[in-house]
Amino acid sequence: MAGGIYLIQDDDRLVEMMEQPYDSEDQLQELLVTYPNLIAGDEIDRATARRWLLISREAAPSDEETAVQWSLDHLFLDQNAVPTLVDVRRTPNAELRQKVLGQSIDYAANALVYWPVDSIIALFEANCRDRGRDPEQIFEEFLGANANEERFWQKVKTNLQAGKVRLVFVADEISAEMRRVVEFLNEQMDPVEVLALEIKQYVSEDGLKTLVPRVIGQTAEAQQKKSSATRERRRWDESSFFAEIKARRGADEAQMAKAIYLWAKSQEPEVQIHWGTGDAYGGFSAQLPQKGRKPYQLFTVDIAGRMEISADNYGSGPPFNAEENWLELRSKLSSIGLSLPIEPGERRSPSLALFTLQDESALKQVMETFDWVIEQIKTL
């Protein structure tokens, strides 16, 4: 029996809790179903903790004709629609470790074949029925009342097509050999994320129980490689951006973004288009060069389907730092849904969702507003 941890009660009594193995793999699997937060989302992504939507327990291939006979212990999605494939074992030995790793890589390599999006949705809805829950209510609790379910599932499809999945090996103890294998795979595989999760159980004599999860595999080298690869992979241009925004956000929003882009192109050479980088925030900006001053960035359009402006950029210099001009700009932009602060120069970045521009007159008003903005800046 391994060492324990200590709990201080309200009466200042020190309670020793000793490590105790699980009764079975099924017990550990059921804990993950009941308490998905055990998958330590705050350790997996320290900037934005991962949250989990359970799709299914014992998820099997959707193709009945496949020769592969297996079922995955758990299939989860995080809030960015990244499929997370979880395999649970009690302290795997060397032979079992090799089998688990090989099988899980098989899952990841064939996930799009085994689980097309329609199949994943069907698994999710069946799981909700089995638990006596409404799928729409669970989805709303997961992503919020204003979330677009159709777009979320489309993003699941995009991630599967790109091979962007996460493998998580769960056990009550991760051996040194298993740790080295997971760290190696996580450093070498991209965009697949490979992690191990050790969940130790501690129990006191009077029945108190504590579960302590620990994520393994996130070496500094792995994180650096994956972030560098992401930057290299996401150097946007016209072709890649519009293909991706259509896949993520749908044809209507892609059309809105294209119309804004073509308007900016029509303003060349006065307006210059600059392409950005990044998975979540990449896109293009429309800038107006200024002699002896930094360019005016009119707006950006990003892969998340937003048009955004910088209040600080507009209000920190002429002509809009003058009160009268600022109020006029504020009124113009407010009419198209971009709300500037009362005082110029305040650090805010108002944004406008592209789906609000599906009405042709609304899109035309946006372009006319920035025509006016350009004319005001050119008077300098």
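1. Glutamate 324 counts as exposed because its relative accessibility is 65%, where exposed means over 50%. Together with Glu323, Glu328, Glu343 and Glu346, Glu324 forms a negative surface patch. The model described in this note is a predicted one.

2. A nonpolar patch is also found on the surface, formed by Tyr6, Ile8 and Leu14. The accessible area of these residues together is about 370 Å². Isoleucine 8 has its place in strand β1, residues 4–8. With a relative accessibility of 60%, isoleucine 8 counts as exposed.

3. Helix α5 (residues 117–130) has 14 residues, which at 1.5 Å a residue should span 20 Å; its end C-alpha atoms are 20 Å apart, so the two values agree. Helix α8 (residues 176–188) has 13 residues, and from its first C-alpha to its last it reaches 18 Å, close to the expected 18 Å.

4. Which residues of these helices are buried? In α5 they are Val117, Ser119, Ile120, Phe124, Asn127 and Cys128. In α8 the buried residues are Met178, Val182, Glu183, Leu185, Asn186 and Glu187. Helix α5 is followed by glycine 132, which has a positive phi, near 70°.

5. Side chains of opposite charge can pair when their charged atoms come close. With a nitrogen of Lys or Arg required to be within 4 Å of a carboxyl oxygen of Asp or Glu, the count comes to 19 salt bridges. A network of salt bridges links Asp45, Arg50, Asp78, Arg166 and Glu193.

6. Lysine 258 counts as partly exposed, at 29% relative accessibility, and glutamate 238 counts as partly exposed at 33%.

7. Is glutamate 253 buried or exposed? Glutamate 253 is buried, because its relative accessible area is 1% and buried means under 20%. This residue forms a salt bridge with arginine 249, the closest N and O atoms being 3.2 Å apart. Arginine 249 is partly exposed, with a relative accessible area of 23%.

8. A further salt bridge is formed by lysine 265 and glutamate 268, whose closest N and O atoms are 3.8 Å apart. Lysine 265 counts as partly exposed at 35% relative accessibility. Glutamate 268 is likewise partly exposed, with a relative accessible area of 39%.

9. The last point concerns tyrosine 202, which has its place in strand β7, residues 193–203. Tyrosine 202 counts as buried, since its relative accessibility is 9%. How many residues separate tyrosine 202 and glutamate 19 in sequence? They are 183 residues apart in sequence, while in space their C-alpha atoms are 4.2 Å apart.

Key
Residues are numbered from 1 along each chain as its sequence is written. This is a predicted model: local features need pLDDT of at least 70, side-chain atom pairs count only at pLDDT 80 or more; totals for chains, interfaces and linings use all residues. Side-chain values use heavy atoms; hydrogens and water are left out. Patches are made of residues with over 30% relative accessible area and no salt bridge: like charges are joined within 9 Å, nonpolar side chains (Val, Leu, Ile, Met, Phe, Trp, Tyr) within 5 Å. Accessible areas come from the Shrake-Rupley method with a 1.4 Å probe; for residues, only the protein chains shown count as cover. A salt bridge is a side-chain nitrogen of Lys or Arg within 4 Å of a carboxyl oxygen of Asp or Glu. Lys and Arg count as positive and Asp and Glu as negative; His and the chain ends are not counted. The place of a charge is taken as NZ of Lys, CZ of Arg, CG of Asp or CD of Glu. Buried means under 20% relative accessible area, exposed over 50%, partly exposed in between (1.4 Å probe, protein chains only). Helices (H or I, at least four residues) and strands (E, at least two) are DSSP runs, numbered from the N terminus. The expected span of a helix is 1.5 Å times one less than its number of residues.
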